[in-house]
Number of protein chains: 2
Amino acid sequence: MTQALKLENLRGRLIRQEETIIFALIERAQFRLNAPIYEPGAIPLPGYDGSFADYFLHETEKVHARVRRYTSPDEHAFSSDLPAPILPPMDIPSPIHPNTINVNDRIRELYRDDILPLICQPGDCGNYGSSAVCDVACLQALSKRIHYGKYIAEAKFQADEPTYRRLIADRDSDGLLAALRDAAVEARLLQRVERKAATYGQDLDAEHPTPAYKVAPKLVADLYARWIIPLTIDVEIIYLLERLGPSA
Amino acid sequence: MTQALKLENLRGRLIRQEETIIFALIERAQFRLNAPIYEPGAIPLPGYDGSFADYFLHETEKVHARVRRYTSPDEHAFSSDLPAPILPPMDIPSPIHPNTINVNDRIRELYRDDILPLICQPGDCGNYGSSAVCDVACLQALSKRIHYGKYIAEAKFQADEPTYRRLIADRDSDGLLAALRDAAVEARLLQRVERKAATYGQDLDAEHPTPAYKVAPKLVADLYARWIIPLTIDVEIIYLLERLGPSA
């Protein structure tokens, strides 16, 4: 097994990504919901039918695509029509099986419909551009974390190939779910992200005390429990069910 | 005086920007220095002579310019050749005097030459794109904070117009500096950012303890003392020296 797939290294990276996700959510939460940026047509954009937030995400992804962000196996675009990279491809073998799994449509939907109304004050503060910039950071951080399920799944597959080959051959999704989940790891994760959110979201300014956290710590743990962990495991299962297919 | 210029509100916004700056620095510090992205030509880009980091910043600013980021009086671009906004101008009167002050060249230089080598481990980890994304966040956060000096200066001007009119008429930079600086506020600021950096940069993962902070707290206080505060005051002085000029 390559160093890139050692489960301990992968866990370390997922743990570091918790900071990225929590920082991004705290940054977004300083602005109100600003619902018009998610409504197609609410902010008229020449030659574009969608919402302002979708326009901004798409334009940002075009820039990132040109510098080959999405040729990396741990990066996934939300847009489908992106320009080709202007840089030559990287010559690094991917540690995971070739695949086209991308659950970003689900991530975008749950972020806008479920997560944003929980972390933002309702209403409109007019900071549309700033909110859209923060949204891109949140979506990219969530997408990266959830699609890391591919790496986790590959590492677990390699660590116990006979078991996983049997479960995959049987198309046994429930068996895969049982093999992949680790209740003790998940419990520690939920405690840890709540502690992180409490620490990073507290008010440290004695001159302007505010009683509330910037994002409620329990809420961050809930986001992981309700959406981030289940979606990651979905990616793991989809990846494994495709794992024995052709390698190119 | 408008609500936007109440000194207490401005201070509150500067204090909130400390989080944005510290989060951005912590995010950048997870990657190594990656010097090639700052060297023109080290990463060949078709039709572009500059460095990868400058290319990426410029392309990102083009996207932000099209959604009129830089029509806001508290936003300042690093690039000069940017496309026109595709959105109509915002119809909000600016609370500050019209001006074209922009110290972003100095901010970019000190960020790359002085700040990056202090916050990043030396060497190359290959995460060029991720580093460039973090750089944009750091540069934009620093730029916003430092150019907020215009708002601070306008608020102080309006609060004691006779004194400032006299200092400006005398072109008395030293007198302006003395009037603008507040040693007690600065001392509290340095203590506060060090406390914030210690809190946000600490390791909260009991499974993988690391002795070091993600970014040394004392270092963040030093960045403020050596560069962020002095540059903000420079902006304040330049703004005031131009303050009595034509209003359009």
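Let's start with one residue. At 2% relative accessibility, B:Lys150 counts as buried. Buried here means under 20% relative accessible area, exposed means over 50%, and partly exposed is in between, with a 1.4 Å probe and protein chains only.

A word on the ground rules. This is a predicted model, in which local features need pLDDT of at least 70 and side-chain atom pairs count only at pLDDT 80 or more, while totals for chains, interfaces and linings use all residues. Residues are numbered from 1 along each chain as its sequence is written, chains are lettered from A and ligands numbered from 1 in the order in which they are written, and side-chain values use heavy atoms, with hydrogens and water left out.

Back to B:Lys150. Where does B:Lys150 sit in chain B? In helix H5, residues 149–159. Helices are DSSP runs of H or I with at least four residues, strands are runs of E with at least two, and numbering starts at the N terminus. Which residues does B:Lys150 touch, not counting those up to four places away in sequence? They are B:His76, B:Ile96, B:Asn99, B:Ile101, B:Val235 and B:Tyr239. Contact means heavy atoms within 4.5 Å. Take B:Tyr239. It is 89 residues from B:Lys150 along the chain, yet their C-alpha atoms are separated by 6.1 Å. Now take B:Asn99. Its side chain makes a polar contact with the side chain of B:Lys150, at 2.6 Å. A polar contact is a pair of N or O atoms within 3.5 Å; within protein, one must be able to donate a hydrogen and the other to accept it, and residues adjacent in sequence count only if both atoms are side-chain atoms.

Next lysine: B:Lys196. This one is in helix H8 of chain B, residues 183–200. B:Lys196 counts as buried, at 1% relative accessibility. Its side chain makes a polar contact with that of B:Glu18, at 2.7 Å. Neighbours within four places in sequence aside, B:Lys196 is in contact with residues including B:Ile15, B:Glu19 and, from the other chain, A:Leu204.

That brings us to the two copies. Chain B can be laid on chain A with an RMSD of 0.0 Å, by a turn of 180° and a shift of 0.0 Å along the axis. The two copies are therefore related as by a two-fold rotation axis. In chain B, the C-alpha nearest the axis belongs to B:Tyr200, 2.6 Å from it. The superposition is by least squares on the C-alpha atoms of residues with pLDDT of at least 70 in both copies.

How many residues meet across the interface? 39 residues of chain B are in contact with 39 residues of chain A. The area buried between the chains is about 3,600 Å², and carbon and sulfur atoms give 61% of it. In chain B, B:Arg16, B:Phe23 and B:Leu204 lose the most area to chain A, together 16% of what that side buries. Buried area is the accessible area, with a 1.4 Å probe, that two parts lose on being put together, summed over both.

Now charges. A salt bridge is a side-chain nitrogen of Lys or Arg within 4 Å of a carboxyl oxygen of Asp or Glu. In one salt bridge, the side chains of A:Glu27 and B:Arg16 meet at 2.9 Å, N to O. Helices H1 (7–29), H2 (52–66) and H8 of chain B each supply at least two residues of the side that touches chain A.

Inside the chains, look at A:Glu18 and A:Lys196. Their side chains meet in a salt bridge, 2.8 Å from N to O. The pair links helix H1 and helix H8 of chain A, 178 residues apart. A:Glu18 is buried at 1% relative accessibility, and A:Lys196 is buried with a relative accessible area of 1%.

In chain B, B:Arg28 and B:Asp135 form a salt bridge through their side chains, at 3.0 Å, N to O. B:Arg28 lies in helix H1 and B:Asp135 in helix H4 (residues 128–147), so the pair ties together parts 107 residues apart in sequence. B:Arg28 is buried at 0% relative accessibility. B:Asp135 is buried too, with a relative accessible area of 3%.

Last pair: the side chains of B:Lys144 and B:Glu75 meet in a salt bridge, 3.0 Å from N to O. B:Lys144 is in helix H4, B:Glu75 in the loop between H2 and helix H3 (104–119) of chain B, 69 residues apart. Buried or partly exposed? B:Lys144 is partly exposed, with a relative accessible area of 21%, whereas B:Glu75 counts as buried at 11% relative accessibility.
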